[in-house]
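I opened the file to see how the chain is folded. I kept notes as I went along.

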Amino acid sequence: MHFITDEDINIWSMEIPDNVLPLPGTIKVHQMFTEEKGVLKYRDLSCFCRRGFCSCMDPKEYRPLKPVDKNQALMNVNQIL
Ligand SMILES: [Zn+2]
């Protein structure tokens, strides 16, 4: 058994970026997997034919972080300089 303290939760919370987009219908999701950094696939029913890394039951895509807008990033750099 592992006891998770409030302090543990506070430490992990600080590592989560502020701009994570919520996944609608999280409560229905039963399987989530990824083969690409920043891109998760999920479905309401689990499949284990290839340990989850399959396209059975048409998994949906979830990108928890918005793609960085290169123009916006450049503008911010210019504002700093
Ligand atoms: Zn499958």
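The entries below record what I looked up.

**Entry 1: the model and its numbering**

I noted that this is a predicted model, in which local features need pLDDT of at least 70, side-chain atom pairs count only at pLDDT 80 or more, and totals for chains, interfaces and linings use all residues. Residues are numbered from 1 along each chain as its sequence is written.

I then looked up the confidence. pLDDT is the predictor's confidence in each residue, on a scale from 0 to 100. The mean pLDDT of the protein is 86, and 83% of its residues reach 70 or more.

**Entry 2: the elements**

I listed helices (DSSP runs of H or I, at least four residues) and strands (DSSP runs of E, at least two), numbered from the N terminus. The protein has two helices and three strands. Along the sequence I read the pattern α-β-β-β-α.

Which element has the lowest mean pLDDT, and which the highest? Helix α2, residues 70-80, has the lowest at 60, and β3 has the highest at 96. Where pLDDT is low, the predicted coordinates should not be read in detail.

**Entry 3: the sheet**

I took two strands as paired if DSSP finds at least two bridges between them. The three strands form an open sheet in the order β1-β2-β3, with antiparallel pairing. Why is one side of β1 and of β3 left without a neighbour in the sheet? Strands β1 and β3 (60-62) stand at the edges with a single partner strand each, so one side of each has no neighbour in the sheet. The twist averages 35° from one strand to the next. For this angle, axes are lines fitted to C-alpha atoms, for helices over the stretch in contact, and angles run from 0 to 180 degrees between N-to-C directions.

**Entry 4: β1 with β2**

I followed β1 (residues 31-36) against β2 (residues 39-43) and found antiparallel pairing over four bridges. Glutamine 31 has arginine 43 in β2 as its bridge partner. Phenylalanine 33 has lysine 41 in β2 as its bridge partner.

How many residues lie between β1 and β2 in the hairpin? There are two, and glycine 38 in the turn has a positive phi of about 85°.

**Entry 5: β2 with β3**

Strands β2 and β3 also pair in the antiparallel sense, over three bridges. Leucine 40 stands opposite tyrosine 62 in β3. Lysine 41 stands opposite glutamate 61 in β3, and lysine 41 is also the bridge partner of phenylalanine 33. In a regular strand the side chains alternate between the two faces of the sheet.

**Entry 6: burial and contacts**

I called a residue buried if 20 or more other C-beta atoms lie within 10 Å of its own, exposed if 12 or fewer, and partly exposed in between, with C-beta atoms placed from the backbone. Buried residues make up 2% of the 81 residues in the protein.

For contacts, I required the C-beta atoms of two residues, placed from the backbone, to lie within 7 Å. Of the contacts with a separation of 6 or more, 25% join residues 24 or more positions apart.

**Entry 7: the loop between α1 and β1**

Glycine 25 is in the loop between α1 and β1. Glycine 25 is exposed, because 10 other C-beta atoms are within 10 Å.

Threonine 26 lies in the loop between α1 (6-15) and β1. Threonine 26 is exposed, with 10 other C-beta atoms within 10 Å. From threonine 26 to tyrosine 42, C-alpha to C-alpha, I noted 9.6 Å in space and 16 residues in sequence.

**Entry 8: the loop between β2 and β3**

Is arginine 51 buried or exposed? Arginine 51, in the loop between β2 and β3, is exposed, with 8 other C-beta atoms within 10 Å. Arginine 51 and phenylalanine 33 are 18 residues apart in sequence, with 9.4 Å between their C-alpha atoms.

Methionine 57 is in the loop between β2 and β3. Its phi is positive, about 60°, although methionine 57 is not a glycine. Methionine 57 is exposed, with 12 other C-beta atoms within 10 Å.

Aspartate 58 also belongs to the loop between β2 and β3. Aspartate 58 has a positive phi of about 50° and is not a glycine. Aspartate 58 is exposed, because 7 other C-beta atoms lie within 10 Å.
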